[in-house]
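Please keep the sequence and the model open while reading.

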Amino acid sequence: MGRTQRVTGARGFPDRPNHSTPVRVGWRWTLREWDEAGGNMAKWFERMAAIPGVRFTGSPGVAREALAEAHVRPQMSYASLMWPTAEGSTSATPASRHVPVEASGADLVTRVWEALELPGEAMDYHFVLQGAVDRLWSGRRSYPDGLELLEVFAVLDLKLMEAAPQAVSFDTGPVPASFVHVTSVPRLVMLLEREGAFTEALEVAGRLARFGQGQDAVARLSEKMGALAAEVTVGGAA
């Protein structure tokens, strides 16, 4: 979900015999060595809950220790993070590979919760959550219970964006200035508005506006709430 895999056989990138061996093209660097050498390696996390400030303590009902790839660690090769697999290695993180494209219903929900407990980059978790929101909405007639989880995943996605804006940006600088189009949070705004929860919908839309999106919803909801307040005032005066 969200990433194209690039698989490379392990023999193409041999490990350095030891740390004293000079680095040359073709050796596989460890993350620590790459960091010490001043490289700009991609930032990855052991699990989504490890992202600073994300306000997420972990997936409910998931035994992380039972997940096969929970403790898989990448290595740096030619300025790219490569994750070991049974077939060799891949640039796709465990989190990004965990949710099958055919997953739906309760199985989809389980897979998503598990993916959030696997190593990945911030953008991987965003694609996992956003993809789940889109699929649960599409399958709402066959799995109506998914609507409640849809809202949960959309809120989590917004928390992720706020804690790690790089989750929705391809900017390489420390402070992203441009952001990709987000579908999960607008879906939540729409559902809240349908339920008549205008205050909550406006609050969520306002938080999304930080990312250059949702301004139309803010304007619409503000106007709607203003009209409702005016009706209440007139009714009270009468």
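Angles between axes under 35 degrees count as roughly parallel, over 145 as roughly antiparallel, 65 to 115 as roughly perpendicular, and the rest as oblique. Axes are lines fitted to C-alpha atoms, for helices over the stretch in contact, and angles run from 0 to 180 degrees between N-to-C directions. Helices (H or I, at least four residues) and strands (E, at least two) are DSSP runs, numbered from the N terminus.

The model is predicted: local features need pLDDT of at least 70, side-chain atom pairs count only at pLDDT 80 or more, and totals for chains, interfaces and linings use all residues. Residues are numbered from 1 along each chain as its sequence is written, and side-chain values use heavy atoms, with hydrogens and water left out.

Helix H4 (residues 122–138) packs against helix H6 (residues 184–194) at an angle of about 45°, and their axes are 9 Å apart. H4 and H6 are therefore oblique to each other. On the H4 side, the contact (heavy atoms within 4.5 Å) uses Gln130, Val133, Asp134 and Trp137. H6 contributes Ser184, Arg187, Met190, Leu191 and Arg194. By class, that contact has 4 nonpolar, 2 polar and 3 charged residues. Here Ala, Val, Leu, Ile, Met, Phe, Trp, Tyr, Cys and Pro count as nonpolar, Asp, Glu, Lys and Arg as charged, and the others, Gly among them, as polar.

## Helix packing: H5 and H7

Helix H5 (residues 146–163) and helix H7 (residues 198–208) cross at roughly 35°, with axes that come within 11 Å. The crossing is left-handed, meaning that the near helix is turned anticlockwise from the far one by less than a right angle; clockwise would be right-handed. Leu158, Lys159, Met161 and Glu162 of H5 meet Val204, Arg207 and Leu208 of H7. This contact has 4 nonpolar, no polar and 3 charged residues.

Side chains of opposite charge can pair when their charged atoms come close. A salt bridge here is a side-chain nitrogen of Lys or Arg within 4 Å of a carboxyl oxygen of Asp or Glu. The count comes to 9 salt bridges.

Glu117 pairs with Arg47 at 2.7 Å, N to O. Arg47 lies in the loop between helix H1 (31–36) and strand S2 (75–77), and Glu117 in the loop between helix H3 (105–115) and H4, so the pair ties together parts 70 residues apart in sequence. Glu117 is buried, at a relative accessible area of 2%. Buried means under 20%, exposed over 50%, and partly exposed in between (1.4 Å probe, protein chains only). Arg47 is partly exposed at 22%.

Glu117 also forms a salt bridge with Arg64, with the closest N and O atoms 3.8 Å apart. Arg64 sits in the loop between H1 and S2, so this pair joins parts 53 residues apart in sequence. Arg64 is buried at 15%.

## Other salt bridges

Lys224 bridges to Glu193, the closest N and O atoms being 2.8 Å apart. Lys224 belongs to helix H8 (residues 215–237) and Glu193 to helix H6, 31 residues apart. Lys224 is partly exposed at 30%; Glu193 is buried at 14%. Separately, Arg55, Glu162, Glu203 and Arg207 are linked in a salt-bridge network.

## Met225 in H8

Which residues does Met225 contact, leaving aside its neighbours within four places in sequence? They are Phe198, Thr199 and Leu202. Met225 is in helix H8 and is partly exposed at 26%. Met225 and Phe198 are 27 residues apart in sequence and 7.0 Å apart in space, C-alpha to C-alpha.
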